[in-house]
Amino acid sequence: MDKQPHGQVDGSNYEYIIEMLNITKTFPGIVANDNISIQLKKGEILALLGENGAGKSTLMSVLFGLYRPDSGEIRVRGKPVHISNPNVANELGIGMVHQHFKLVHNFTITENIILGLEPTIGPFIKIKEAAQRIKELSEQYGLNVDPWAKIEDVSVGMQQRVEILKMLYRNAEILIFDEPTAVLTPQEINDLMDIMRNLIKEGKSIILITHKLKEIKAIADRCTVIRRGKVIGTVNVAETNEAQMAEMMVGRAVSFSVNKKPQEAGDVVLEIENLHALSSRKIPALRGFCLTVRKGEIVGLAGVDGNGQTELVEVLTGLRRAESGTIKFKGKDITHDTIRTRIEEGMAHIPEDRQKRGLVLDYTIEENFILEIYYKEPYSKHGFLNKKEIKANAQKIIENFDVRSSLGSISLARTLSGGNQQKAIVGREISHDPELLIAVQPTRGLDVGSIEYIHKRLVEQRDRGKAVLLVSLELDEIMDLSDRIAVISHGELVGIKKPEETNENEIGLMMAGVAHGGAA
Amino acid sequence: MKWTKSLFTALAAVVLGLIGGALLMLVTGSNPIEGYAYLFRGGLMNMERFGNTLGSATTLILTGLSVAFAFKTGLFNIGASGQMLAGGLMATALALTLKLPKELMLPIIIVGAMLAGALWAAIPGLLKAIFNVHEVVATIMMNWIAYWMVYYTVPAYFKGPMLETESARIPDYASLRVSWLTKLFQGSYINLGIFIAIIAVIIIAIILDKTTLGYELKAVGFNRYAAEYAGINVPKNVALAMGISGGLAGLAGAAFYVGYAYNMQIGVLPAAGFDGIAVALLGANSPWGVAAAAFFFGILHSGKGYMSAMTHIPPDIGDTIIAIIIYFAATSILFENLYEKIMKKIKANKETSTEAAA
């Protein structure tokens, strides 16, 4: 049966450090967890794999005391427990790193970590001692954290390590990671894997919520697959492969490669010349950037995060002012046009931050689908909305793009899972039939099924003779989809390569600013 | 679903407010049943008192609507008092300057007051839109500018024959009071303002729910970044939302100073402007909810005098009840959870009973 990778049953009489047995949790209109059981051994990494909306996060929220299950039992170290709130979970040694970090940005790392259990003498906080302990913990687990740095000054990867330290500071034995790599760069992901290995070495147990098969294969011992609220099965990672896990997760065979026929690119759609722009902190972010995108091609923009991609997209879509240079769209200078003019001319934008830019979370899905076109017929006439047409529009997009929600078109956007929110945005933008689709990190944080789907849609745009500018931090995605790869570094175009004539290594060097990949 | 939830929350707040008031009456040695009997009789027992209740509610509907509209569009208009003063001053000035037949006079006064209120709110609106000045600070400052403007303008240009501290009496041809209405309600304060208020409720409900204007305004209110992304002109909508909100408060000024009252007194920041916040809160920012909440507060306002006259309960109990209700309305999340629990139980019961039947 199961191998026992690190499973030392330390004297006391239990096999599993955590058992969730027959957990059922329903929300209005949806059964999020349907009789789910999972078991975590001491000293192992158990992956929880499932598509967005499969019920992974709900299950972990139950374990962490954020939700109460309708039925089922939780056992910790063999004893049945009632976890009524997160404090109880903390006392039991359960800690959670949430997908969206919960940190105070203008506090130091130490202040963030001790928040809620500040060590004090009288009215004073023993901040130095706390910092010392954090430093020790940081060294013990190889976290490399400066206790005195402020959160707003450190990278996303570092912020995540602060979240990990928060748990360690509270003596957590069982660590839950909720989609921990969604926000990290490839380098940071490797660092995180090392940290997780260190944690196991020091006797911790980990539940890893993810939908990234590569990571599971790299680090997890066992993997429990959940689909639509039910457990499909638990496998030993060493005895399976990515394709098999993907099939269990999605319920059908999944193709990893993108089907793309060769195709000649047509006329120039977008022409960027010598573009200069400032970042939000008034530092030059684009320095003479040039690029052309043609009909019927996908141009992938590769680069390390923070090299001007965000600013470029904002200047292109009109959200940010260009300092100098020109943007021509279908031969017309649009550098100073309004956002609405650009949209009306046929530009569509899948934004980087779907919750901040892409959706009005307190609007229903059908209201979100008309965000850019509400003032046009047939969605409104003489200033009055036509609810029937709005609903019909929503039904069409929901069907075409498989957007799942509990109440259909009248669900609030807030209630959709991340993947379905993204599908809703992609659906909305493609439904405008744009000449140019600017897709920024279109599959960020999504599961294989959704990624495959969105990739197919982007290629479809290209096949229909439309232009696509794909901006992504995932090199795999850029390599798979692009007809040409443009590399940006420090706000300048380093070079353009065809994917069949280059490799990840060369692109990686170009991303570091080495023109033409050094030797190549 | 959402609608019934708001209603449940509001009713729970009201009931708890009344219970709180009852406890206070008990503590002060009075009989709460008797107290409430007089309170509600004072607000409702005959046409005159009912008319007074509607008269008080008129101002509250309009200021409540003003605050609620701003809330719906993501703004906190704490300056309804100042906008009311601006509208009231404009109405008073027009009423005491122009001499036209009543049919012409009233539309001019109403539109003038609305525009004055709109202008008074549009200034903080523009400051917010262009310079990102927080509207709470700006509208509070505008309150005091309006206060002092009235303080100097009224004695200088619109002084009555007797007192320095109030304007001349509003002539009949410029008053929102009309004889048929006064007669119908046996000489109460009720005036045409109640119709303005009801029309405003209907128009605002339509704007918010059915028009592209409301769609834009709410989109900007809920998420200005997404609105900007979609090509909606955010600064324009912020300024416009404040303008409309202020226009409603300006109408409240007209209804109050040339309808409910006979003249404009100086040195008073009208409480109705702030009560509007409570009305909006209890009415869950929905236009019809605002109308209902304003009517309820109107009963308390006009009934509390009668209650204190007939018993030993001080009239301040009425205000205390309002305060307690606001407290509970502000902590409405507690009731929402309670509501969900109750609904769940009902559903579970239903399921078990159908199972038992089957």
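Guide: A salt bridge here is a side-chain nitrogen of Lys or Arg within 4 Å of a carboxyl oxygen of Asp or Glu. Glu73(A) and Arg75(A) meet this rule, with their closest N and O atoms 3.2 Å apart. This is a predicted model, in which local features need pLDDT of at least 70 and side-chain atom pairs count only at pLDDT 80 or more, while totals for chains, interfaces and linings use all residues. Residues are numbered from 1 along each chain as its sequence is written, chains are lettered from A and ligands numbered from 1 in the order in which they are written, and side-chain values use heavy atoms, with hydrogens and water left out.

Over all chains, the count is 34 salt bridges. Side chains of opposite charge can pair when their charged atoms come close. For accessibility, buried means under 20% relative accessible area, exposed over 50%, and partly exposed in between (1.4 Å probe, protein chains only). Glu73(A) is partly exposed because its relative accessibility is 30%, and Arg75(A) is partly exposed at 29%.

Another salt bridge joins Glu297(A) to Arg484(A), at 2.8 Å from N to O. This pair links distant parts of the chain, 187 residues apart: Glu297(A) lies in the loop between strands S14 (284–294) and S15 (298–302) of chain A, and Arg484(A) in strand S23 (residues 484–489) of chain A. Helices (H or I, at least four residues) and strands (E, at least two) are DSSP runs, numbered from the N terminus. Glu297(A) and Arg484(A) are both buried.

Lys332(A) and Glu345(A) also form a salt bridge, at 3.3 Å from N to O. Here Lys332(A) belongs to strand S17 (residues 332–333) of chain A and Glu345(A) to helix H10 of chain A, 13 residues apart. Lys332(A) is partly exposed at 39% relative accessibility, and Glu345(A) is partly exposed at 26%. Elsewhere, salt bridges that share partners join Lys260(A), Arg462(A), Asp463(A) and Asp483(A) into one network.

Between chain A and chain B there are 2 salt bridges. Arg357(A) forms a salt bridge with Glu228(B), their closest N and O atoms being 2.8 Å apart. Around this, 29 residues of chain A are in contact with 20 residues of chain B, where contact means heavy atoms within 4.5 Å. The two chains bury about 2200 Å² between them, 58% of it on carbon and sulfur atoms. In chain A, Arg357(A), Tyr363(A) and Tyr374(A) lose the most area to chain B, together 27% of what that side buries. Buried area is the accessible area (1.4 Å probe) that two parts lose on being put together, summed over both.

The interface also holds 17 residue pairs in polar contact, both at pLDDT 80 or more. A polar contact is a pair of N or O atoms within 3.5 Å; within protein, one must be able to donate a hydrogen and the other to accept it, and residues adjacent in sequence count only if both atoms are side-chain atoms.
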